[in-house]
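Please look through the sequence and the model shown here.

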Amino acid sequence: MELTLPWSWYSDPEVLRLEQERIFRRAWQYVGHTGQVSEPGTFVAAMAGWTPILVTRARDGELRAFLNVCRHRGSMLAEGSGGRETLQCRYHAWTYELDGRLRAAPRSDREPGFDADDLSLVPLAVDTWGPFVFVNPDREAPPLADALGPLPAQVAQILDLDALEFRFRMEFELDANWKVACENFLECYHCAVAHPGFSAVVDVSPDSYRLETEGLTSSQFGPLRDGRESPFAGHEVPRGQFHFLWPNFGLNIFPGKPNLSCGPIVPRGPERTARFLDYFFAPDVDQAWVDELLEFDGQVGREDTVLVEGVQRGIRSGVLEAGRLMPQSEQLVAHFQRLCAGALAE
Ligand code: FES
Ligand SMILES: [Fe+2]
């Protein structure tokens, strides 16, 4: 049996600081969907780890990402999302174009040597996969497609991403380290005992439920249970797919009508994690089915919250140094932990 990562890594602020620097500042991270920035003159603010970011579509139609930090004295520039021709900092009213250029700074004409051209917003890497917008704080990073590896082809086997429309976002926070939340996503060893509703629909037995890793991705494939009457049987999507992109992006497709939910697992502090899930459906999926899926998924989510917060309270106690992994059932967790340890060791 394999040892887990040291449990001190799940509450130590210094480890989280290193993770910000060595993981989140160089990884592709989901920040929202293209519908939020579909029109020229729109923006959306989000977090890539601890890096506040801003995605804009300027009048020239180009999608851009920036550090969401004013070049004057560092205030966060924009919040939320919406339509805007320019972005004005609330502190001293420096005003930026959506293409990042500083357009005006009050009283700058009184400052000899003030050069607005030097004070554009800091550009970051941005790219899309279907309706999903990803940002990487490292502009030198390899392209998003390299990180996604096999995921687009796997998803395309059961779903047409371009035929989905965004319906809503669900947001919540957890009293746990971000890695505990990721690891919980990465195994279904707990499903039979902890998720009776889910296990009644999806066949979670080890001979049917498939686990795969490739590069930065981890995937779980769960077929529908045979012969079970359920709202999820007999529709276009024949089986579930649950994908993860290192370091913190989860994507769920449940069997049933065309559906997908995805979002990031964002550290807020050593023992606090923020999550959101964007839900997409085919335009003709009726609200009754959407509600059914949400009830189903919400129940799984509530069960997971209890599990994840219970793990955090267990491992923070500091008496034991590490746990054990079951390499057959938890190979995706092991893969995640290897990526973590590798990044931190650099
Ligand atoms: S910090 Fe933004 S204008 Fe001063
Ligand atoms: Fe779970």
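Helix α1 (residues 13–22) holds both E21 and R17, which are four residues apart, about one turn of the helix. The model is a predicted one. In it, E21 and R17 form a salt bridge whose closest N and O atoms are 3.2 Å apart. Side chains of opposite charge can pair when their charged atoms come close. E21 is partly exposed because its relative accessibility is 30%, and R17 is also classed as partly exposed, at 39%.

A second salt bridge joins E79 to R90, with 3.1 Å between the closest N and O atoms. This pair links distant parts of the chain: E79 is in the loop between β5 (63–67) and β6 (81–83), while R90 is in the loop between β7 (86–88) and β8 (95–97), eleven residues apart. E79 has a relative accessibility of 51%, so E79 counts as exposed. R90 is exposed too, with a relative accessible area of 64%.

E173 is partly exposed, with a relative accessible area of 36%, and R272 is partly exposed at 32%. Salt bridges can also share partners, and in this way E14, R17, E21 and R22 are joined into one network. Over the whole structure, the search finds 22 salt bridges.

Now consider the chain at the level of domains. The protein chain is divided into domain 1 (29–140) and domain 2 (146–345). Their contact takes 14 residues from domain 1 and 23 residues from domain 2. The C-alpha centres of the two domains are 31 Å apart.

How much area do domain 1 and domain 2 bury between them? The value is about 1400 Å², and 75% of it is on carbon and sulfur atoms. On the side of domain 1, Y30, W129 and F132 supply 45% of the area buried against domain 2, more than any other three residues.

Across this interface the rule finds zero salt bridges, but it does find two residue pairs in polar contact. The elements giving two or more residues to the side of domain 1 that touches domain 2 are β2 (29–33) and β11 (132–136). Of these, β2 gives the most, with five residues. By class, that side of domain 1 has eight nonpolar, six polar and no charged residues.

Conventions
Residues are numbered from 1 along each chain as its sequence is written. Chains are lettered from A and ligands numbered from 1 in the order in which they are written. This is a predicted model: local features need pLDDT of at least 70, side-chain atom pairs count only at pLDDT 80 or more; totals for chains, interfaces and linings use all residues. Side-chain values use heavy atoms; hydrogens and water are left out. Domain bounds come from an automatic or database domain assignment. Contact means heavy atoms within 4.5 Å. Buried area is the accessible area (1.4 Å probe) that two parts lose on being put together, summed over both. A salt bridge is a side-chain nitrogen of Lys or Arg within 4 Å of a carboxyl oxygen of Asp or Glu. A polar contact is a pair of N or O atoms within 3.5 Å; within protein, one must be able to donate a hydrogen and the other to accept it, and residues adjacent in sequence count only if both atoms are side-chain atoms. Ala, Val, Leu, Ile, Met, Phe, Trp, Tyr, Cys and Pro count as nonpolar, Asp, Glu, Lys and Arg as charged, and the others, Gly among them, as polar. Buried means under 20% relative accessible area, exposed over 50%, partly exposed in between (1.4 Å probe, protein chains only).
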